[in-house]
Amino acid sequence: MHIAVTGSSGLIGSEAVEHFDRQGHRVTGIDNNMRHVFFGPAGDTSWNLARLKGVTRNFRPLDLDIRERERIFDLFRGERFELVLHCAAQPSHDKAREIPLLDFEVNALGTLNLLEATRQFCAETPFVFLSTNKVYGEAPNELPLVERETRYDYARVEDYEGIDENCRIDRTMHSLFGASKAAADLVAQEYGRYFGMNVGIFRGGCLTGPNHSGVELHGFLSYLVKVALTGQTYTIFGYKGKQVRDNIHSHDVICAVEEFARNPRAGEVYNIGGGRQNSISILEAVARIEEMTGAKIRCEYHEQPRIGDHICYISNLGKLREHFPNWGITRSLDQILKEIVETEMAQRQTAARA
Ligand SMILES: NC(=O)c1ccc[n+]([C@@H]2O[C@H](COP(=O)([O-])OP(=O)(O)OC[C@H]3O[C@@H](n4cnc5c(N)ncnc54)[C@H](O)[C@@H]3O)[C@@H](O)[C@H]2O)c1
């Protein structure tokens, strides 16, 4: 197959590039290292691009901006992509407030450009869009919760498995990021429902893995490990550090994408995350990473929570599992953390030797 991956130097995109290249597919990557523009040098993804060039056989990276409609159309006109995986984004909740126009142009307009290019030049091709649980805004916070020693949890038995796709997406505060992603999410659904295209929308919880250029504003576990190993201070924003995230390894995300590409459905929405088994609160994550690294993490506490933050978010994976019975979580939280710690340590050793 010839596969187009946007955001190919990022966490999810790079996992896709390696995965599909390993299987012998041709992969065209689209990434202009805009993560550097959003987050500065710590967000730079060029190390990951260099790494990909070294480990792949059939990968063609293009320095292309998804906002450049004509260049995107030219690319799609000239190629015949058989799968489009759209991972390029301004991915941070908090960053969007400083750059609302850029955030919307990349997240909403960029997505529309890719959907329209696919419709015009390869309308039968499965298209997967990486959306986010932030499209639900604060609606998940309306569920009754109980406070436990180290985390919040759902109070009702019926909520135990977490948030499913029926959660409403409007009449709630999202943050501008949540709104630009919700716009893209809706337009992607429309290309499925209205035009009958094979568009799948994956609403991610915390997507993670060793190839994240983790920064304070995006990449929770990756950033926390960095803080532990560098002796910086980690700031906890509100909810006593008991807010819960569910974490999924980028490999398991790509396996779900692959399942969808095999049996696509038009305009279907799926929640995807680590589920209850891979859920952890900030307090618990700090303790676990301290245990694994032997380092003491200095934490600072700010009473004010982040705007639109989830108090307890666990992705209900029921629909994904039902539609794709071959899919499941293969990496536990401890395996994920171990891999992030090992990668970060190795990178630090390499940097120290250089
Ligand atoms: N990582 C998470 O926790 C998480 C959670 C929920 C949803 N998501 C979504 O998953 C997708 C992938 O996230 P990620 O963690 O891999 O992000 P990432 O920031 O690691 O990767 C995104 C990549 O897109 C590139 N990019 C940004 N703007 C671009 C543009 N205009 N043109 C071309 N390339 C551009 C960046 O340089 C970066 O390499 C995003 O859509 C994100 O919103 C991520």
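The buried residues of helix α9 are covered by elements that include α7 (220–230), β10 (233–237), β13 (279–281), β14 (298–302) and α11 (333–353). The model is predicted: local features need pLDDT of at least 70, side-chain atom pairs count only at pLDDT 80 or more, and totals for chains, interfaces and linings use all residues. Residues are numbered from 1 along each chain as its sequence is written, and side-chain values use heavy atoms, with hydrogens and water left out.

**Helix α9**

- Buried residues (under 20% relative accessible area; exposed is over 50%, partly exposed in between; 1.4 Å probe, protein chains only) in α9 are Ile282, Glu284, Ala285, Val286, Ile289, Glu290 and Thr293.

**Salt bridges**

- There are 28 salt bridges in the structure, each a side-chain nitrogen of Lys or Arg within 4 Å of a carboxyl oxygen of Asp or Glu.
- Glu18, Arg22 and Arg51 form a network of such bridges.
- Arginine 51 meets glutamate 18 at 2.9 Å, N to O.
- Arginine 51 is in helix α3 (residues 46–55) and glutamate 18 in helix α1, so this pair ties together parts 33 residues apart in sequence.
- Glutamate 18 is buried at 18% relative accessible area, arginine 22 is exposed at 52%, and arginine 51 is partly exposed at 24%.
- Arginine 276 and aspartate 153 form a salt bridge at 2.8 Å, N to O, and both residues are buried.

How values were computed:
Helix = DSSP H or I, 4+ residues; strand = E, 2+ residues; numbered from the N terminus. Contact = heavy atoms within 4.5 Å.
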